[in-house]
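Please look over the sequence and the structure shown here before reading on. The notes that follow are grouped by topic and are meant for a reader who is new to them.

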Amino acid sequence: MCPTSAACCGAPGTGADPVTQQPAPRVRITSPRTLAARSRARRSHAAEIDALTRLGEVYVQSLMRAQLRLAGYVVVLLALTVGLLPVLFRVLPLADVHVLGVPLPWLLLGVLVYPWLLVIAVWYVRRAEHNEAAFVDLVERREDPS
Amino acid sequence: MPLFAVIAVTIATLVVGAFGLRVARTTSDFFVASRRVGPFLNASAISGEYLSAASFLGVAGLVLLRGVDMLWYPIGWTAGYLLLLVFVAAPLRRSGAYTLPDFAEFRVESHAARRVASWLVCLIGALYLVPQFQGAGLTLAAITGAPTWVGATVVAFVVLVNVVAGGMRSITLVQAFQYWIKLCALLVPAVILWTVWHHDGSATRGLHATDWVEPLQGPHATYLTYSLIAATFLGTMGLPHVVVRFYTNHDGRSARRTTLVVLAMLSLFYLLPTAYGALGRVYASDLIASGRTDSVVLTLPDRMLGGTGAALVTALLGAGAFAAFLSTSSGLVVSVSGVLSQDVLGRRFDGVTGFRIGGFLAAGGALLLAEISQGLPVAHAVELAFAVAASTFCPLLLLGIWWRGLTARGAIAGMVSGGLLSGATVLAVMVGVTAGGWAGALLAQPALLTVPLSFTCMVGVSLADRGRVPVHVGRAMVRLHLPETVDVDRGTYQPSS
């Protein structure tokens, strides 16, 4: 854990050691080669979020925006397909069109809407889980010395 | 025969409930089944709880009466889960709240907001529960000729035994079981009746009336359809007995997957009522004139089969209808008694005792209301419950989850304004106020007006109250949106039970 959020902001994710706060004359700079050092480095991203620093909020907001944008796509898709059906029924004589002996509005509203809702839902769940996986990658990304 | 089937479903419900009882011991079991329920079982339970008498009997009756426009009801009741999936499912599970009042308290950090939410849960619960009890009475009366209070009392009693004895754990199993009863009870007779219709030369008498077969006939049809869409698409996420189910998921990811399975299960079920409505048009069109369209599902076997076959199929349908009354009533009593025990009785009794007393109050109160409101047009109340939920809890959930600026005053202003206006239309319809023209359309489907009003109030008052944004909103957003695998501080909030 970082002693102050400012220390973290100054050097995000470098595995800042509490020792750096003391006015020591010399600071040894090393690459985190051991597992212990790496796990501390990983925590420091989460620590930004824990301390609710500007950087931490940016992380959280990036995930929220991605998920909200995805939800927005679903709403637009739903509105442009299912939501427009009453308008289509108003302007086009779709009731005169018969498919397999069934008037088209009955087929659309009684049957075809449901698989379409499922398709959208499956697509959404995959994208949402992808967004979360990308976020986990971002937060828990290993610190590369290069 | 039909009476035997109803008794069998009732006993099976009690037995499955008793099986769940053996594992329900702690308060956490009572409220949320200790969160050990897998997505498939949980989705069966959500679907079982959700498919009420309105879905099992009502939709077919509406289709018989008013035709293609009524197909928007089952569409809305299904698509509501799509919107719940994309905006609410995972964050709500991650919030860790048990009930909607819990969520209000967690997010806007206000006891007053919690209290408003509690009253709304009771209002929506009553609007939903009373028609279930009355429907049970009418169904049993139609099958056996018993007085209407018998069916209502039987349902109230069975629900109470299960809820009081086992809480949510027992209820989860019972409701998962009841989804499959309902699906089979509607599917098997549908196949039989469809075959008979086919052998009958696929008669199409009654199917060609323009005002029935063509969409958007009648005055204000476009407004009514879009208002119905607003109420059902947005109202589903705000139903207290649906939302309480999401706490039994393991984590946010499984909450999403559960919702996906629910969508599939509802889609399968809702293909069927349309067939009953259309067959009713061919074989039972006299029900329209006699105003008993709700009984079309139970009447068709007699009209089309006759003899023992008819008795068997009617028995199956009666069993399914009773499963619908029992499961929806159970879910509603669980969620209302959860709120009653936490917010009305919580300080006087320990968790489990409070929950049981809450169950008595909820079931008893609804039974009393069902008796008092005998003869009032309460069937419409379920539809209006969606409008109330869409005008109150939908804005609370959407803004609470996705907007940092929501304040306690904003949330209360939105819930109260939306609740009062939509509640007023409910009251007006109940006491028999009728109006022509636009006023009549607004009374029948108020959502297109009340939902935007509630959103506007919530956002407007929150913006005016900008200085009072909840202190822990940053932490709350972390908790709502971050996957559980990320090891971060999610705050100290615990539901107050």
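**Briefing on a predicted model**

In chain B, α8(B) and α17(B) are roughly antiparallel to each other, because the angle at which they pack is about 155° and angles over 145 degrees count as roughly antiparallel.

**The packed helices of chain B**

- Two packed helices are described by the angle between their axes and the distance between the axes.
- For α8(B) and α17(B), which spans residues 307-343 of chain B, the axes are 9 Å apart.
- The crossing in which α8(B) passes α17(B) is left-handed, and the contact between α8(B) and α17(B) has, by class, 13 nonpolar, 9 polar and 3 charged residues.

**Where chain B touches chain A**

- On the side of chain B, 40 residues are in contact with 39 residues of chain A.
- The elements of chain B that each give two or more residues to this side are α5 (72-87), α11 (221-235), α13 (252-270) and α23 (473-481).
- Sorted by class, the side of chain B that touches chain A has 25 nonpolar residues, together with 8 polar and 7 charged ones.

**Two residues of chain B with positive phi**

- B:E109, which lies in the loop between α7 (100-108) and α8 (111-144) of chain B, is a residue other than glycine and yet has a positive phi, near 50°.
- B:E109 counts as partly exposed because 19 other C-beta atoms lie within 10 Å, whereas a buried residue would need 20 or more.
- B:L216, found in the loop between α10 (210-213) and α11 of chain B, is likewise not a glycine and has a positive phi of about 60°.
- B:L216 has 17 C-beta neighbours inside 10 Å and therefore counts as partly exposed.

**Confidence in chain A**

- The mean pLDDT of chain A is 77, and 67% of the residues of chain A reach 70 or more.
- Among the elements of chain A, helix α5 (residues 104-140) has the highest mean pLDDT, 94, whereas helix α1 (residues 5-10) has the lowest, 41.
- Over residues 1-17 of chain A the pLDDT stays under 50, although the model has 36 contacts beyond four places in sequence for these residues.
- Where pLDDT is low, the predicted coordinates should not be read in detail.

Note on methods. Residues are numbered from 1 along each chain as its sequence is written. Chains are lettered from A and ligands numbered from 1 in the order in which they are written. This is a predicted model: local features need pLDDT of at least 70, side-chain atom pairs count only at pLDDT 80 or more; totals for chains, interfaces and linings use all residues. Two residues are in contact if their C-beta atoms, placed from the backbone, lie within 7 Å. Helices (H or I, at least four residues) and strands (E, at least two) are DSSP runs, numbered from the N terminus. Ala, Val, Leu, Ile, Met, Phe, Trp, Tyr, Cys and Pro count as nonpolar, Asp, Glu, Lys and Arg as charged, and the others, Gly among them, as polar. A residue is buried if 20 or more other C-beta atoms lie within 10 Å of its own, exposed if 12 or fewer, and partly exposed in between; C-beta atoms are placed from the backbone. Axes are lines fitted to C-alpha atoms, for helices over the stretch in contact, and angles run from 0 to 180 degrees between N-to-C directions. Angles under 35 degrees count as roughly parallel, over 145 as roughly antiparallel, 65 to 115 as roughly perpendicular and the rest as oblique. A crossing is left-handed if the near helix is turned anticlockwise from the far one by less than a right angle, and right-handed if clockwise. pLDDT is the predictor's confidence in each residue, from 0 to 100.
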